[in-house]
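Here is a short briefing on one protein model. Have the sequence and the 3D view ready as you read.

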Amino acid sequence: MATTAPTGSPPSQPSLTHPPPPRKLTSVKALSESPGLSSIPSIYTFPKQPNHEPVSDTKEPIPTIDFSLLISSNPDERSKTIRELGKACRDWGFFMVTNHGVPERMMKAMIEVCREFFELTEEEKGEWEGKHVLDPIRYGTSFNPSVDKILYWRDYVKIFQHPAFHSPSNPPSFSEIALEYSKRTRGVMKEIVRGISESLGLEDKYIEKASNLEKCLQIMIANLYPPCPQPELAMGLPAHSDHGLLTLLIQNDTVGLQVLHKDKWVNIHPIPNSFLANIGDHIEILSHGKYKSVLHRAVVNERDVRISIALAHGPAADAAVSPAPMLLEDGQNPLAYRAMKYKEYVELQQSNKLDGKSCLEHIRNRGI
Ligand code: OGA
Ligand code: NI
């Protein structure tokens, strides 16, 4: 084999004539902006071409919940909306939320300031490159590059918003916008969780109390999916369920989210100015599987940058929730899910491959 250095020479020392050691991983943003990029590196290429799986052509729209009716003082309106909410959780696990009261300009400002964050230099963003999955601010690419064999076409920043609020110091306006946005979104979440509780036949505050929602772990996950020259070979995020109770997602006007419904992937076209809500694994646990967390994924496209911001709301970090005993039917195992502290569950999900509902399977007790 040819060698470029004489054998026996000492290992080269870093010097100015050598390029600096490569950064651990390039962001897909930087990659997508490389001049003349016409194909994607093989590390991003899925052999099974996930985007070629059939996508349902069903025109059945995902359910919409009018938030103003959910909090209505008219008991008939409210109970009708709670029934619709229950049906949406049972049939889809995903629904749009309209008339939620969070100002449109606040949602837009949140998306814009996240865009500005991703536009910082790699060095600036590198300051928040997470070391541990429970670090309160964590910037990165793919899902978990230390275990992802094929990388996902996605950069992200995850920021804990509650019970302690964190924010990157740059862009300077991030903190003010995120503080207000996360607070308002938490208010929406709380009302929906109350509605879900009632729709299960539980007291409206049951889930709130069981999961200590006062101290809920609220994580902002901002996702950037840059244009991809071969979108049919790449994946933004693989099929997964969310770990918490309820996720509320907004996005710019580029589609890319798909939900598994009746065994088919369905493209989601959100109504402008609405939240896209989905229930997570901890509602499945609490409801003893009456409402199931639903698989979803993000696909990418050739032309447009897509930005989505998910606010994941889970129980308090130290809360370990179990199925509500009153929802158990005769013969059902009250310990169907092994109780685990929420922060340990998050750590488990975030430290492994993102793989369907594998974490929920991990804590599920089979048989009696
Ligand atoms: C997530 C997620 C989907 C999207 O961040 O958990 O599912 O559309 N995102 O970005
Ligand atoms: Ni998700």
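Predicted model: local features only at pLDDT ≥ 70, side-chain atom pairs only at ≥ 80, totals over all residues.

**The hairpin**
- Strand 8 covers residues 257-261, and strand 9 covers residues 264-267.
- The two strands pair in the antiparallel sense, over 4 bridges.
- Together they form a hairpin with 2 residues between them.
- K262 sits in the turn and has a positive phi of about 50°.

**The nickel site**
- Three residues coordinate the nickel ion (ligand 2): H240 through NE2, D242 through OD and H296 through NE2.
- The distances run from 2.1 to 2.2 Å.
- Along the sequence, the donor residues follow the spacing H-x1-D-x53-H.
- H240 counts as buried because its relative accessibility is 7%, under the 20% cut-off.
- D242 has 13% relative accessibility, so D242 counts as buried too.

**R306, a buried arginine**
- R306 belongs to strand 12, which spans residues 306-316.
- R306 is buried, yet it has no salt bridge.
- The nearest side chain of opposite charge is D253, and it is 9.1 Å away.
- A polar atom of the R306 side chain lies 3.0 Å from the backbone oxygen of T254.
- Leaving aside neighbours within four places in sequence, R306 is in contact with several residues, including N223, L224, Y225, Q251 and N252.
- Also among its contacts are V255, G256, L257 and A298.

Terms used: Residues numbered from 1 in each chain as written. Chains lettered and ligands numbered in written order. Heavy atoms only, no water. Buried < 20%, exposed > 50% of the residue type's maximum accessible area, 1.4 Å probe, protein only. Lys, Arg positive; Asp, Glu negative; His and termini not counted. Salt bridge = Lys/Arg side-chain N within 4 Å of Asp/Glu carboxyl O. Polar contact = N/O pair within 3.5 Å; in protein donor to acceptor, adjacent residues only side chain to side chain. Contact = heavy atoms within 4.5 Å. Pairing = 2+ DSSP bridges. Donors = N, O, S within 2.8 Å, 3.2 Å for Na, K, Ca; no water.
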